[in-house]
Amino acid sequence: MFMRGLNTITFVVIAICILACEKKSQNAETSVTKNKPGIPKVAGMLLLKQSRPQTLNATGSLVALDQVELSLEVPGKISQLNIPEGKSVTKGQLLVQLNDAELQAQLNKLNIQETLAIEKEKRKKQLLGSHGISVDEYESSLNELNVIRADIKIVERQIEKTKLHAPFSGVIGFKKHSEGAYIQAGTSIATLVRTHPIAVEFLLPENQSIQIRNGQNIQFQVEGLQALQQATIYAFEPLIETNSRSLRIRARCENPNNYLKVGAFARIALTHHQNEKVIRIPNETLVPVLKGYKVYLFKGGQVKEQIVQTSYRDEQWAIIANGLQEGDTLITTGIMRLKEGMPVDIKSMNQNE
């Protein structure tokens with residue numbers, strides 16, 4: 001009995017072990033099946049030829065579209081000075097008034113003479129109508145009236161010259177004289193500058209300036225302002241400067257808050273597209289090798305390694321001189337795990353624009 005029971009127990013234990021081994025084997029097979037790598041998915045880029053972008057760098061200065069040293073045409077003593085230093089003024093605003101008391105007295109005298117001459121001309125005209133005087137006598141009185149009126153215009157013009165009005169709207173600088181000062185004709189009183197809009201002036205070598213046109217946009221940066229400023233080219237000098245063999249260019253920039261100051265140093269970047277058609281690819285798709293660089297292409301569902309040569313690189317793009325053709329599909333993601341002949345699946349496609 002004892003031996004029969006022992007055999008039964010032994011059989012049961014053996015059966016349990018066999019079942020456990022089969023279970024473990026099945027789990028291992030399932031795990032291997034689950035961990036089997038599939039075809040990786042990558043992103044691709046359809047390569048097309050496009051105009052080659054080129055960035056030209058230059059330095060320049062901010063200049064005013066309008067700037068003038070305010071002065072008067074006649075000498076005199078300043079009786080009124082309205083110079084709001086560092087503030088904006090509007091076109092036509094009275095800024096300076098010289099003492100014009102003597103001229104006002106002359107004008108008053110001439111106005112009285114004009115009134116008497118008008119009455120005299122009227123009487124002579126009536127007498128001429130009744131044949132009481134000759135034509136010469138009437139014309140003499142008429143000429144006298146016209147001379148007085150001409151003198152009035154002269155004095156009025158002299159009075160107008162004693163006033164200085166803002167020739168355009170802008171920001172006025174520091175005053176150089178005070179009320180009561182006697183100044184000569186042409187003496188500078190203050191500087192008036194139009195600050196909005198403002199201009200950026202810079203030079204480009206003549207070989208680089210050929211393809212630049214009015215209406216092109218530039219970017220520039222000045223000290224103290226981190227943000228890049230935008231400006232639009234609006235004018236060229238008609239002549240190349242013989243000393244530097246460069247062309248002087250101006251671009252207009254809005255400046256409503258007067259943050260940009262005339263005379264500031266500017267670093268300028270101008271991007272334009274050349275007529276030459278090239279293929280450019282993202283820098284991150286280049287893999288350094290002994291012969292230069294290689295990239296990975298998608299052909300026939302597989303990865304194909306391709307050696308390339310670059311002619312130009314910037315922070316984002318590389319221009320390809322040899323190795324790639326229009327219509328090739330460049331793989332742009334998963335670069336580090338790719339190998340020659342590996343099957344891949346393109347999950348998205350972009351153009352190199």
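Mentor: Start with Gln50, which lies in strand S2 (residues 50–70). Strands (E, at least two residues) and helices (H or I, at least four) are DSSP runs, numbered from the N terminus. This is a predicted model: local features need pLDDT of at least 70, side-chain atom pairs count only at pLDDT 80 or more, and totals for chains, interfaces and linings use all residues. Residues are numbered from 1 along each chain as its sequence is written, and side-chain values use heavy atoms, with hydrogens and water left out.

Gln50 counts as buried, at 16% relative accessibility. Buried means under 20% relative accessible area, exposed over 50%, partly exposed in between (1.4 Å probe, protein chains only).

Asp66 forms a salt bridge with Arg194, with the closest N and O atoms 2.5 Å apart. The pair links distant parts of the chain: Asp66 is in strand S2 and Arg194 in strand S9 (residues 190–205), 128 residues apart. A salt bridge puts a side-chain nitrogen of Lys or Arg within 4 Å of a carboxyl oxygen of Asp or Glu. Asp66 is partly exposed at 29%, and Arg194 is partly exposed at 23%. The whole structure holds twelve salt bridges.
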